Amino acid sequence: VTQTTTTTQSVVGLEIHAQIHSNTKLFSGSRVGFQAPPNSLVSFFDASLPGTLPVLNRRCVEAAVMTGLALNCTINRKSLFDRKHYFYADLPAGYQITQQRLPIAVDGTLTYSHLGGRKRNEVVTKSVRIKQIQLEQDSGKSLHNDYRNQTLIDLNRAGVGLMELVMEPDMSCGEEAAAAVREMQLILQALGTCQGNMAEGQLRVDANVSIHRPGDHWGIRTEVKNINSARNLARAIDYEIQRQMFVLESGGTVQNETRSFDGKTGFMPEPNLPPLMVYEACSTAPPGVAPSQVVVLEEVRERLPELPSVRRQRLVETYGILPEHSFTLVNEDGLMDYFEAVVRETKAGPRKVIGWVMNELQGLLHQQNLSVSQSPISPQALAQILNLQENGQISSSIAKQVFQELWKTPGKTAQQIVKEQDLGMVNDSTEIYRICQKVVDSHPDQVQAIRSGNKKVLNKLMGLVQKETKGRADPVLVRAILEQKTS
Amino acid sequence: MYVVVNYTRRLQTLAFNLGPSRYQGVTRASITSQDRKSKQNLSCFRWTHLITLVHQYSTRISNSKPCQVPVDLVDKLERLALVDFRNQEGLACLEKAIRFADQLHVVDTDGVDPMDSVLEERALYLREDAVAEGDCAEELLQLSKNTVEEYFVAPPGNIPLPKREERAAMFKHAEF
């Protein structure tokens with residue numbers, strides 16, 4: 001989808017709130033959990049009872065630092081906490097502790113890709129600047145009880161650590177935003193700093209959308225919020241872009257309805273927390289301080305795992321597969337593991353396996369809307385089919401047939417199906433010879449066409465032979481025989 | 001007057017501007033349940049912010065003359081701080097408070113970094129990520145007047161400040 005027409009350009013910026021994957025909350029020792037009984041994961045501090053004070057969770061600091069390093073950010077050695085004041089029932093203190101003035105990380109880059117081009121098989125790489133990463137508290141949840149016109153408050157989520165990742169508006173459409181979010185999800189999951197499940201609210205994305213004519217100032221921003229999947233995000237953003245274009249074309253002006261705060265009021269320094277200091281190396285840390293009280297960048301850097309971009313490159317180099325295949329392998333949950341498991345168990349080369357995984361497996365998974373983990377055919381089962389083919393026991397077209405059969409009846413093995421339906425390769429060359437002869441004799445026109453130069457017609461004859469043999473003839477042999485007969 | 005007495009204590013929050021208070025209902029409820037003296041504190045709190053906002057405008061608009069606070073500004077301040085002070089005494093009090101605050105400008109702060117807290121040179125304690133609290137829903141819910149099946153109950157939505165005309169009718173018997 002291109003969003004640049006001759007008259008308007010669209011601009012999309014994202015704010016991502018990622019729930020930190022930790023045992024306890026950002027400033028209190030209550031448990032972080034999903035779908036627990038209401039208000040059971042709430043400490044006195046979370047309920048904002050007078051006399052309680054925030055105590056920073058070391059794990060959250062490490063998570064923010066690790067995420068910052070993975071996104072090529074500058075980590076601020078000194079960062080500050082602030083209070084952002086606003087009144088809402090799910091914010092019992094009346095303020096949220098955040099890092100507005102001086103956040104923990106700034107100036108990073110997120111490099112993402114999506115499959116573009118006409119056939120959607122070219123890996124298009126883009127990047128978006130990360131303005132900053134800040135630590136902040138999550139709010140509780142409010143549920144509306146329409147029957148009694150009440151708002152019910154559950155504070156289980158209040159105080160959970162969030163990393164707010166603010167991106168510069170470097171994107172221009174829903175597809176780019178969705179691809180960026182997907183890459184962010186993969187990075188955070190690889191780091192273990194956030195589990196990234198959008199449906200469970202672990203990763204929340206707000207998009208700011210505006211349009212303008214080339215050369216003009218950017219237009220009014222509207223916000224797209226509360227999206228629960230990357231796909232819906234793309235749709236919602238594109239819809240909003242279209243809606244704004246329609247408004248402008250009809251002579252109207254785009255109204256901003258959501259923002260009541262200008263984003264600059266309501267802040268004050270958090271007086272109960274001194275500045276957060278992180279150190280480059282153990283040598284630069286203050287002497288005589290316990291290691292548990294010091295976050296050292298060098299150590300965090302050492303613990304950085306393999307990032308998705310590196311993994312994609314490794315797959316291309318190790319298996320000799322195309323970048324777009326590697327992209328899909330890493331992008332789809334579980335697909336890379338599946339692929340590697342098949343490669344391990346079969347003698348077929350990785351390039352053959354990737355074809356099966358991309359076409360046969362993905363085809364049926366998408367058709368039936370299943371995830372890789374729900375595939376009725378295990379990697380071992382697929383490996384068996386490929387081995388039968390490699391051994392010459394079945395032809396390639398029969399192998400595909402066996403795959404389809406096995407999908408429907410996963411309890412059986414490939415060998416069983418081959419035996420039951422008599423799909424074994426016909427090796428009797430006299431039999432094949434006879435069938436080829438029969439086909440050649442009954443199609444003199446085609447034979448003539450081949451003899452006069454139209455080699456493509458040979459495929460038709462091959463098709464007929466395969467029909468006779470129900471696909472069980474070795475295609476290489478058939479082709480050789482037919483070519484000989486029609487020369 | 002209580003405003004002036006507590007004012008000096010609040011001067012350290014001069015950088016603070018109160019954002020729009022959207023949830024009038026909850027504010028009042030939460031304050032009365034927490035602290036007996038809080039109603040007084042709340043008014044001071046809000047006064048401080050009124051003063052802060054006016055101060056910003058007054059230094060920008062006119063430098064050291066006794067300032068006339070423009071009607072638009074008064075309106076905005078009332079909306080932001082939810083305090084009704086649209087009368088002679090209120091405005092006079094406000095202007096006196098601004099004069100008082102202006103004394104801060106006498107201090108030369110060139111080359112001095114602003115201080116957030118007297119404790120800001122201390123090391124920030126980092127806690128281990130182990131569960132040590134929570135699991136006290138019953139205790140917490142007892143603190144609330146109104147609960148439904150282990151949820152706290154709050155009034156729905158935010159109650160905005162009524163329009164000027166409506167407010168005049170509502171508050172004609174109230175002190176500022």
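Let's start with a record. UniProt, in an unreviewed entry, lists residues 337-486 of chain A as "domain: Asn/Gln amidotransferase". UniProt positions follow the numbering used here, feature names are shortened, and annotations may be inferred rather than shown by experiment. In the model, the end C-alpha atoms of residues 337-486 of chain A lie 47 Å apart. That span is 69% helix and 0% strand. Helices (H or I, at least four residues) and strands (E, at least two) are DSSP runs, numbered from the N terminus.

A word on the model. It is predicted: local features need pLDDT of at least 70, side-chain atom pairs count only at pLDDT 80 or more, and totals for chains, interfaces and linings use all residues. Residues are numbered from 1 along each chain as its sequence is written, chains are lettered from A and ligands numbered from 1 in the order in which they are written, and side-chain values use heavy atoms, with hydrogens and water left out.

Now the sheet in chain A. Which order do its strands take? The order is 3-7-8-11-1-12-13, seven strands in an open sheet with antiparallel pairing. Two strands pair if DSSP finds at least two bridges between them. Strand 3 (74-75) and strand 13 (222-224) of chain A are the edges, each pairing on one side only. Strand 3 of chain A meets strand 7 of chain A over two bridges, antiparallel. There, A:Ile75 has A:Ala105 as its bridge partner.

Next, strand 7 (residues 105-116) and strand 8 (residues 122-137) of chain A. Eleven bridges join them, and they run antiparallel. A:Thr111 stands opposite A:Ser127. A:His114 stands opposite A:Val124. Their hairpin has five residues between the strands, and A:Gly117 in it takes a positive phi near 80°.

Look at strand 5 (residues 82-85) of chain A. Strand 5 pairs with strand 6 (residues 95-98) of chain A over four bridges, antiparallel. Strand 5 also pairs with strand 14 of chain A, over three bridges, again antiparallel. A:Asp82 takes part in both: its partner is A:Thr98 in strand 6, and A:Pro269 in strand 14.

On to salt bridges. The cut-off: a side-chain nitrogen of Lys or Arg within 4 Å of a carboxyl oxygen of Asp or Glu. Over all chains, the structure holds 27. One of them joins A:Arg303 and A:Glu62, with the closest N and O atoms 3.5 Å apart. This pair links distant parts of the chain, 241 residues apart: A:Arg303 is in the loop between helix 4 (297-302) and helix 5 (308-319), and A:Glu62 is in helix 1, both in chain A.

Finally, the interface of chain A and chain B. How many residues does each chain give to the contact? Chain A gives 58 and chain B gives 44. Contact means heavy atoms within 4.5 Å. The buried area is about 4300 Å², and carbon and sulfur atoms give 63% of that. Buried area is the accessible area (1.4 Å probe) that two parts lose on being put together, summed over both.

The rule finds one salt bridge across this interface. A:Arg101 pairs with B:Asp116, with the closest N and O atoms 3.0 Å apart. Which element gives the largest share of chain A's side? Strand 10 of chain A, with five residues. Strand 10 of chain A also runs antiparallel to strand 3 (residues 151-154) of chain B, joined by three bridges. In that pairing, A:Thr151 stands opposite B:Ala154.
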